[in-house]
Amino acid sequence: MEAERLIEVGRRALADSRGALDVMAEAWQAQALARAVGSRLALCGPVELRGEARALGEIGAGCSALDHPTVISGGARAAQLSGIGEVRPALAGLALLLGEAGIALVGVACDTGEDGLYWQCIEAMDAADESLDRVHGMLRRLAERERERERERERDRERERDGPYGIRGPAPSAAGS
């Protein structure tokens, strides 16, 4: 399944989550998807994103979503990732998903009286926050690349408008004519 579609499925599932365990499972699903998107972009994404993408693919690897009991029963949605169509919209959607997961985790952490669940929430919030930072970094790099391309297009338009000799015409010849 394409990244944007998986992200939207994750956002809906997170919004429909009822109870702390459902929220935790969806937060881990979001993190697994972030790692999968990062790994995919590190392999075949735009060159300027590969370093950040590689780091995104490694975030939270020690606390794998695949280890979460609720995820084990249904499987990790990230395993269905077949590709990333448009990079910018996929990253923007992933940023929304990670932000929403972080907010949901804050709610669970604030409402729980269970020490273990609280610390799982804190760990998941840290991973979501770090992933969100990486995604925002990649979006900034894409925006910088687009600004540079636009400046280059503007320079090309100016060159075309000015003609082959620039705005002053051909240079005087060295022979003095």
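At what angle do the axes of helix 3 and helix 6 cross, and within what distance do they come? In this predicted model, the two axes cross at roughly 165° and come within 9 Å. Axes here are lines fitted to C-alpha atoms, for helices over the stretch in contact, with angles running from 0 to 180 degrees between N-to-C directions. Helix 3 and helix 6 are therefore roughly antiparallel to each other, a label for angles over 145 degrees.

A word on conventions before going on. Residues are numbered from 1 along each chain as its sequence is written. Because the model is predicted, local features need pLDDT of at least 70 and side-chain atom pairs count only at pLDDT 80 or more, while totals for chains, interfaces and linings use all residues; side-chain values use heavy atoms, leaving out hydrogens and water.

**Overall picture**

The protein chain has 6 helices and 0 strands; helices (H or I, at least four residues) and strands (E, at least two) are DSSP runs, numbered from the N terminus. Of its 177 residues, 41% are buried, meaning under 20% relative accessible area with a 1.4 Å probe, protein chains only. Among contacts (heavy atoms within 4.5 Å) with a separation of 6 or more, 77% join residues 24 or more positions apart.

| Pair | Angle | Axis distance |
|---|---|---|
| Helix 3 and helix 6 | roughly 165° | within 9 Å |
| Helix 5 and helix 6 | about 155° | 9 Å |

Where helix 3 meets helix 6, E52, A53, A55 and L56 face S131, R134, V135, M138 and R141. By class, that contact has 5 nonpolar, 1 polar and 3 charged residues. Nonpolar covers Ala, Val, Leu, Ile, Met, Phe, Trp, Tyr, Cys and Pro, charged covers Asp, Glu, Lys and Arg, and the others, Gly among them, are polar.

Helix 5 packs against helix 6 at about 155°, which makes this pair roughly antiparallel. Their contact divides into 22 nonpolar, 4 polar and 2 charged residues.

**The core and a buried glutamate**

The largest nonpolar core has 44 residues, and V37, L41, L91, L94, L105, V135 and M138 have the most contacts inside it. Such a core is a set of buried Ala, Val, Leu, Ile, Met, Phe, Trp, Tyr and Cys residues joined through side-chain atoms within 4.5 Å. Beyond four places in sequence, L41 touches P46, R50, A53, I84, V87, L91 and M138.

E26, in helix 2, is buried as well, with a relative accessible area of 14%. Leaving aside neighbours within four places, E26 contacts G10, A13, L14, S17 and R77.

Definitions and conventions. Buried means under 20% relative accessible area, exposed over 50%, partly exposed in between (1.4 Å probe, protein chains only). Angles under 35 degrees count as roughly parallel, over 145 as roughly antiparallel, 65 to 115 as roughly perpendicular and the rest as oblique.
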